[in-house]
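This report walks through one protein chain for a reader who has not seen it before.

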Amino acid sequence: IHSYLRPGGRLVAQFAGGRSPFALVSRAIPHRIARPILGRIQGRTPESVFPAEYDHCSYSGLARLLDGAWAGYSIEPLYVGYGYVRFSRVLRALYMGFEEWACRSARRNLAVHYRLVAQA
């Protein structure tokens, strides 16, 4: 992507976190089983569920890729996975406790998503 930008150009992107609880579950469950489960609990169509690779999708992984290659960058960890457990009060409560802990203790590699702004 860097080579497509003009000098001084800016990339704004959002990535799924590869070490979030949802990513870990996604890796553990075969895709053929995950499609109907996500369809049922999240109301998604089977076509909208795809296998995720999560290549370098952690705070430290993204920082390693960007260091030295870009003029500047910022990575914002987003702890916003509530929607994934909307179907269960118990899971919502447990997840919100986890999210609060991860955010307050700066466990940036456990974020559900990352917002990236980088300048070429």
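## A residue in helix α3

L66 has its place in helix α3. The model described here is a predicted one. Is L66 buried or exposed? With a relative accessible area of 7%, L66 is buried, because buried means under 20% relative accessible area. Leaving aside neighbours within four places in sequence, L66 is in contact with Y73, I75, L116 and A118. A residue at a distance from L66 is E47: the two are 19 residues apart in sequence, and their C-alpha atoms are 32 Å apart in space.

L66 is one of the buried residues of α3, which are Y59, G61, L62, A63 and L66. What covers these buried residues includes β1, β2 (72-78) and β3 (113-119). After α3 comes G68, whose phi is positive, near 85 degrees.

In general, the strands of a sheet pair through backbone hydrogen bonds, and the pairing is either parallel or antiparallel. Here β1 and β3 pair in the antiparallel sense over 7 bridges. Within this part of the structure, L11 stands opposite A118 in β3. A118 is also among the residues that L66 contacts.

## Two serines in loops

Two serines can be described in the same terms. S20 lies in the loop between β1 and α1, and S58 lies in the loop between α2 and α3. S20 counts as buried because its relative accessibility is 2%, under the limit of 20%. S58 is buried as well, with a relative accessible area of 4%.

Their contacts, not counting residues up to four places away in sequence, are as follows. S20 touches L110, A111 and V112. S58 touches R19, N109 and Y114.

## The pockets

| Pocket | Volume | Lining residues by class |
|---|---|---|
| Largest pocket | About 900 Å³ | 23 nonpolar, 6 polar, 3 charged |
| Second largest pocket | About 180 Å³ | 8 nonpolar, 1 polar, no charged |

About 900 Å³ of space lies in the largest pocket. Which residues are the closest to its centre? Of the 32 residues that line the largest pocket, these are F22, A23, S26, L38 and Y84. The elements that give two or more residues to this lining are α1 (21-28), α2 (31-42) and α4 (89-104).

The second largest pocket is lined by I1, H2, L11, F15, L62, L65, L66, W70 and L116. At least two residues of this lining are supplied by each of β1 (10-16) and α3 (59-66). The helix α3 gives the most, with 3 residues. L66, the buried residue with which the report began, is therefore also part of a pocket lining, as is L11 of the pair described above. L116, which L66 contacts, is in the lining of the second largest pocket too.

## The chain as a whole

The chain has 4 helices and 3 strands. Read along the sequence, they follow the pattern β-α-α-α-β-α-β. The C-alpha trace spans about 45 × 35 × 20 Å along its principal axes.

What share of the chain is buried? Buried residues make up 30% of the 120 residues. Of the contacts in the chain with a separation of 6 or more, 74% are between residues 24 or more positions apart.

Definitions and conventions:
Residues numbered from 1 in each chain as written. Predicted model: local features only at pLDDT ≥ 70, side-chain atom pairs only at ≥ 80, totals over all residues. Heavy atoms only, no water. 1 Å grid on protein atoms, 1.4 Å probe; cavity = no way out; pocket = protein on both sides within 12 Å on 5 of 7 lines; lining within 4 Å. Points joined across faces, edges and corners; volume = space filled by probe spheres on them. Nonpolar A, V, L, I, M, F, W, Y, C, P; charged D, E, K, R; others polar. Buried < 20%, exposed > 50% of the residue type's maximum accessible area, 1.4 Å probe, protein only. Contact = heavy atoms within 4.5 Å. Pairing = 2+ DSSP bridges.
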